[in-house]
Every structure is written in structure tokens, then in C-alpha cells.
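Keep the 3D view open and turn it as you read.

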Amino acid sequence: MAEIAHMIDSEIFMAFSTYATIVTLKMMLLGPMTSYFRFKNKVFANMEDTFGGTTEQRKKMIRVDPDVERVRRCHQNDLENIIPFVVVGLLYALTGPDLSSALLHFRLFVGSRCIHTLAYVMPLPQPSRALSWVVGMITTFSMAYRVLTTALYL
Amino acid sequence: MAEIAHMIDSEIFMAFSTYATIVTLKMMLLGPMTSYFRFKNKVFANMEDTFGGTTEQRKKMIRVDPDVERVRRCHQNDLENIIPFVVVGLLYALTGPDLSSALLHFRLFVGSRCIHTLAYVMPLPQPSRALSWVVGMITTFSMAYRVLTTALYL
Amino acid sequence: MAEIAHMIDSEIFMAFSTYATIVTLKMMLLGPMTSYFRFKNKVFANMEDTFGGTTEQRKKMIRVDPDVERVRRCHQNDLENIIPFVVVGLLYALTGPDLSSALLHFRLFVGSRCIHTLAYVMPLPQPSRALSWVVGMITTFSMAYRVLTTALYL
């Protein structure tokens with residue numbers, strides 16, 4: 001493991017903070033986007049969220065909508081991929097990698113996830129979404145490899 | 001970024017540890033609450049989880065139940081909001097903010113999520129749940145703003 | 001809270017890095033496993049993911065499949081349990097626990113989650129999955145207890 005001086009004052013940790021925050025914000029924005037489609041298409045998951053009309057009309061608003069489900073699947077995929085990136089990326093940043101190598105990992109991951117979101121929500125034809133997902137996975141695996149080879153303690 | 005001395009021995013990091021742990025425990029408790037409603041209403045997602053009665057009766061236990069789904073939606077919303085808080089909050093705590101400012105953020109977030117859970121599970125009439133969700137989002141955005149303005153390194 | 005020297009160079013933090021990375025990789029592998037069952041059973045969630053055959057045949061591939069849903073439920077349970085472990089475990093590692101005690105917690109958790117995945121995907125008869133889930137929960141609660149008793153700052 002790296003010296004502690006590598007951690008906070010280092011450009012690597014600042015780079016990690018920047019990219020981790022940006023990609024986390026990107027993930028969070030899918031929450032309001034889900035709400036946007038719920039209001040636009042008048043589709044809700046809870047009776048207390050419906051509004052306007054009679055009770056009968058409001059009951060019909062409790063249904064599944066393709067637009068809403070698409071954004072929710074994208075959000076779920078973000079949870080499944082971005083959170084592992086943050087966990088492994090933090091540990092990776094603490095192993096004291098080269099700055100250029102770290103930046104390459106962080107930029108590849110954040111770029112691939114932005115493309116993934118565009119490809120999912122638009123949607124773009126495959127394999128754009130599949131490829132962006134694979135690039136993100138490989139980036140995280142590569143960082144995990146360095147963590148395990150640098151700091152293995154079982 | 002702050003000096004390393006700010007990190008571990010500081011009251012800010014202890015405050016972060018305390019609030020992050022509390023809100024993570026709150027999130028985890030929705031797991032047992034889901035199990036509680038599954039057993040109470042005899043509703044399961046897997047055939048091997050059912051018990052009692054004939055195979056026919058057990059097959060009928062594999063269905064969707066409003067109580068269980070409500071708790072699960074609340075749990076999902078927690079994952080989508082509390083985990084970003086923990087990630088951004090950790091980086092925020094490392095930027096060396098004022099203790100009073102940090103405590104305000106942490107308390108607002110944890111308070112808003114406790115109200116959110118109550119509003120979802122009871123359920124309380126809207127806009128109680130929507131407002132508590134928005135307060136949590138704004139708190140996390142505010143911390144992300146400080147991280148990006150203090151430690152930007154692209 | 002522990003001295004900073006306890007954090008990076010210490011065996012506890014290396015042990016945490018190792019086990020957190022391993023269990024995060026285990027969680028990530030459920031993504032490709034979901035894809036595997038989607039291709040094997042020709043079941044997709046998005047129209048643009050389907051392939052082969054006429055439009056009518058491709059529309060029929062948009063459905064819910066028991067194998068795919070089982071892996072997805074396992075993945076969701078991992079998100080709900082492994083992420084809290086990583087958050088609480090990181091803070092726990094910073095409280096400077098005994099190495100043997102920390103290793104016990106990390107090994108118990110990672111072992112229990114590996115058994116949980118096996119029990120879910122095979123599936124094994126209950127209560128194997130329920131027990132492995134409970135062991136993981138108790139391990140995380142035990143670490144949270146130490147964090148809150150060592151570093152409480154409200």
C-alpha cells in the first residue's frame with residue numbers, strides 16, 4: 001500500500017474524488033428523470049402519488065409504463081456498476097498508481113457510463129449499450145486486479 | 001484537499017462515520033421488514049421459500065403483494081439515495097468543511113431519509129414523501145458542489 | 001478513532017481492501033450471469049436487445065423468465081447487503097480493531113455471501129439461504145456497533 005501522503009494531497013485522490021462525484025451525480029439524475037416520465041405519462045406506483053380525477057381514474061394511473069421502466073432499468077444498471085467502481089476505485093487510488101494510469105481508468109469508466117445512459121434512454125441500437133457496459137466492467141476489473149496484487153491479505 | 005490530520009481524528013470524520021452508519025443501518029432494516037411482510041402475508045418470490053400445505057397451496061404463495069412491494073420500493077429508493085450520500089459525504093468530509101456546516105448536511109440528510117421511510121411505509125399523504133426525498137437530494141448535491149469546487153481535477 | 005498510521009499501512013486496511021474487492025467482484029459477476037441466462041433462454045427486457053427472426057418473433061422475446069429473475073433477485077440482495085458491508089466495514093477498519101477480530105468479521109461476511117449466492121442460484125433448499133443472509137447481517141451489525149461505540153459524534 002502507498003504512503004499516506006499519496007492519499008489526500010495527491011492528484012490521484014483529487015482525480016478520484018472528481019470522477020466519482022461526477023458519475024454519482026449522473027446516476028442520481030435518473031431519479032428525477034423517472035419522476036419526469038411518471039408525471040408526463042401519468043403513471044405511478046403508489047395510490048397516494050396519483051392526483052386529479054375520481055378515485056377510479058386515479059386507480060388506473062397505477063400501472064407499468066415502458067418509458068418509466070426503461071429509465072428504471074438504466075438506474076438499476078448504474079447501481080450495479082457505478083457503486084462497484086466507487087468502491088474498487090477508492091481502494092485502487094490508495095494503492096498509489098501512476099497518475100496517467102489512474103486518469104485513464106477513471107475517464108474510461110465515466111465516459112463509458114455516460115454513453116451507456118444515452119444508449120439506454122434514447123435508445124441507440126445495439127451493440128452501443130452492450131459495448132459501453134463491457135468497457136465499464138473491464139475498467140473496474142482492471143482496478144480490482146491492481147488492488148488484489150498490491151494489497152492482498154487474506 | 002484538507003490536511004490528513006483533518007481526516008481521522010477530526011470531529012468531522014467522526015460525525016460522518018456516525019451519521020453514515022446510522023442511515024446505512026436504517027436502510028438495512030428494510031430487509032428484515034420485507035421478510036416480516038412476506039411471512040405475515042404468506043407471499044414469497046421463490047418456491048423453496050414457501051412452507052406448509054400441499055404443493056398446489058405453496059405455488060399460490062408465489063405472487064406479488066402490495067405490502068411487500070411497498071417496502072421493496074422504499075428499500076430501492078434508499079439504495080438510490082443513501083449510497084450516493086455515503087460516497088459524496090465521505091469525499092465531502094475529506095475537503096475539510098466547517099464542523100457546523102458538515103453537521104447541518106449530515107443531520108438534514110439522515111432526518112429527511114427517516115421521514116421518507118415513515119412516509120413511504122405508513123403511508124403518509126403526499127407531498128410528505130416527495131418533500132423528504134427532495135431535501136435529501138439537495139443535501140447531497142450541496143456536498144457534491146463543495147467536493148467539485150474544492151478538489152476538481154479532470 | 002485510530003491514529004492515521006493504522007489506516008493505510010496496516011494489515012487491517014489491507015485485509016479490508018482484499019475482502020471488500022473480492023466480495024464486490026462476486027457481486028459484479030451476477031451481471032454477466034444475468035446476460036448469460038438472457039441469451040440462453042432468449043429473454044430480453046428491451047426490444048433493441050432481441051435478435052434473429054421476424055419482428056413478431058422478436059416481440060415474444062420480451063418477457064419474464066424464472067432463471068433470469070432468480071439471478072436478478074440474487075443480485076438485488078447482494079446490493080442490499082454487500083454495499084452496507086463495504087460502507088460499515090471501511091469505517092470499522094478505521095476504528096483500529098484487533099486484526100484477528102477484523103479478519104473474523106471480513107471472512108464470515110464474505111463466506112456467508114458466497115454461500116448465499118450458491119444457495120440462491122442453484123437453488124439449495126432452505127434454510128441455507130436464509131441462514132447465510134442472517135450471518136451476513138449480524139456481521140455488519142457487529143461492525144456498526146463498534147463504529148458507533150468508538151466514534152459516536154451526533
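Let's start with helix α2 of chain A, residues 30-41. The expected span is 1.5 Å times one less than the number of residues. What comes just after α2(A)? There you find A:K42, with a positive phi of about 50°.

Chain C has its own α2, again residues 30-41 with 12 residues, and it reaches 16 Å from its first C-alpha to its last, close to the expected 16 Å. After α2(C) comes C:K42, whose phi is positive and near 50°.

A quick word on what you're looking at: this is a predicted model, in which local features need pLDDT of at least 70 and side-chain atom pairs count only at pLDDT 80 or more, while totals for chains, interfaces and linings use all residues. Residues are numbered from 1 along each chain as its sequence is written, and chains are lettered from A and ligands numbered from 1 in the order in which they are written.

**How the copies are related**

Two copies of a chain are related by a rotation about an axis and a shift along it. Chain A can be laid on chain C by a turn of 120° and a shift of 0.0 Å along the axis, with an RMSD of 0.0 Å. That is the relation of a three-fold axis. (Superposing is by least squares on the C-alpha atoms of residues with pLDDT of at least 70 in both copies.) For chain B on chain C, the turn is 120°, the shift along the axis is 0.0 Å and the RMSD is 0.0 Å.

Do the copies meet through the same or different surfaces? Only 16% of the interface residues of chain A are also interface residues in chain C, so the surfaces are different. Chain B gives 16% when set against chain C, so here too the copies meet through different surfaces.

**Where the chains touch**

Residues count as in contact if their C-beta atoms, placed from the backbone, lie within 7 Å. On that basis, 25 residues of chain B are in contact with 25 residues of chain C. The elements giving two or more residues to chain B's side are α1 (11-28) and α4 of chain B, and α1(B) gives the most, with 12 residues. By class, this side has 14 nonpolar, seven polar and four charged residues. (Nonpolar means Ala, Val, Leu, Ile, Met, Phe, Trp, Tyr, Cys and Pro; charged means Asp, Glu, Lys and Arg; the others, Gly among them, are polar.)

Now turn to chain A, where 25 residues are in contact with 25 residues of chain C. Here α4 (66-93) and α6 (128-151) of chain A each supply at least two residues, and the largest share, eight residues, comes from α4(A). The classes on this side of chain A are 21 nonpolar, two polar and two charged.

**Helices that pack together**

The axes below are lines fitted to C-alpha atoms, for helices over the stretch in contact, and the angles run from 0 to 180 degrees between N-to-C directions.

| Helix pair | Angle | Axis distance |
|---|---|---|
| α4(B) and α4(C) | about 20° | 11 Å apart |
| α4(A) and α1(C) | roughly 155° | within 10 Å |
| α4(B) and α6(B) | roughly 30° | within 9 Å |

Angles under 35 degrees count as roughly parallel, over 145 as roughly antiparallel, 65 to 115 as roughly perpendicular and the rest as oblique. So α4(B) and α4(C) are roughly parallel. Their contact is made by B:H75, B:L79, B:I83 and B:V86 on one helix and C:L79, C:E80, C:I83 and C:V87 on the other.

By contrast, α4(A) and α1(C) are roughly antiparallel. Among the residues that meet are A:P84 and A:L91 in α4(A), and C:A20 and C:M27 in α1(C). This contact has seven nonpolar, three polar and no charged residues.

Within chain B, α4(B) is roughly parallel to α6(B).

Note on methods:
Helix = DSSP H or I, 4+ residues; strand = E, 2+ residues; numbered from the N terminus. Contact = placed C-beta atoms within 7 Å.
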